[in-house]
Amino acid sequence: MSLNEWLCCGKSIIERMTMRMLDKFEKYWFQINGIMGVATVLDPRYKLRLLHFYFPLIYTNGEDAKKEIERIQCICYNLLNEYSLKSKASEVGASYQSSTSSLPSPDESETDHMSKYDKFVASDFEGNVKNELDSYLEECVLQRLPDFDILSWWNNALKYPTLQLIARDVLAIPISTVASESTFSTGGRFISPHRSRLHHDTLEALMCFQDWLWTEAKEIDATSSECCTTFHDDVDDETNEDGIDGLFF
């Protein structure tokens with residue numbers, strides 16, 4: 001939104017700079033806006049309401065905003081169906097292992113009457129999963145609080161078991177690639193065209209040693225700054241006391 005405002009500010013230098021920034025933003029935005037939209041929907045404070053509020057401001061064309069919201073909603077339903085199938089397959093595998101590991105004794109009934117009920121419930125599983133997302137979206141959004149812990153909320157949201165699995169995976173994705181890019185940059189400083197045959201253990205030791213040295217240097221700088229601050233405070237206190245004593249004597 002700020003880029004769109006700068007694009008029409010009337011200053012040619014800023015408009016040219018904003019155009020380049022906007023091209024770079026759109027390049028990455030179209031790659032990550034889908035998963036970011038899903039993460040927003042999985043936040044009980046926002047859900048689809050935040051998308052309906054901001055997308056018309058981001059996309060100048062109302063039809064584009066509507067299509068993007070529908071696309072993210074479709075991604076949510078596709079994820080839900082995919083996770084539900086995985087959950088169902090794991091349950092079937094677990095039940096098969098338990099049935100093969102413990103064979104019934106001859107005096108037990110050969111027909112389990114409740115197994116028919118289990119099949120009846122499993123037949124409605126797909127429809128219930130779809131209703132799981134619908135019921136979540138139909139509920140009112142939560143109040144925004146500064147100490148809200150979204151992971152704890154999903155950990156206690158037992159009525160949405162499939163959405164719990166999706167939230168566990170989606171919300172664990174780091175929003176920034178700075179950490180991984182910094183790691184590759186650090187590795188590039190150790191491995192050069194003239195030093196490219198280091199053993200991976202040696203490379204790991206060098207990177208860890210550099211990190212430890214930087215941490216120690218930062219602690220020393222912090223301690224030195226605290227000592228300097230304490231020294232100056234003591235000097236100021238002594239000066240103030242001398243000044244007060246000079247007034248009385």
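**Salt bridges in a predicted model**

Asp43 is buried, at 7% relative accessibility; buried means under 20% relative accessible area, exposed over 50%, and partly exposed in between (1.4 Å probe, protein chains only). The structure is a predicted model, in which local features need pLDDT of at least 70, side-chain atom pairs count only at pLDDT 80 or more, and totals for chains, interfaces and linings use all residues. Residues are numbered from 1 along each chain as its sequence is written, and side-chain values use heavy atoms, with hydrogens and water left out.

Asp43 forms a salt bridge with Arg45, their closest N and O atoms being 2.8 Å apart. A salt bridge is a side-chain nitrogen of Lys or Arg within 4 Å of a carboxyl oxygen of Asp or Glu. Side chains of opposite charge can pair when their charged atoms come close. Arg45 is likewise buried, with a relative accessible area of 19%, and is found in the loop between α2 (12–41) and α3 (47–58). Helices are DSSP runs (H or I, at least four residues), numbered from the N terminus.

By this rule the count comes to 5 salt bridges. Another of them joins Arg71 to Glu68, with 3.0 Å between the closest N and O atoms. These two residues are 3 apart in helix α4 (residues 62–101) and are therefore separated by about one helical turn. Arg71 is partly exposed at 33%, whereas Glu68 is buried at 14%.

Lys159 forms a salt bridge with Glu139, at 2.7 Å between the closest N and O atoms. This pair links distant parts of the chain, 20 residues apart. Lys159 is exposed at 56% relative accessibility, and Glu139 is partly exposed at 30%.
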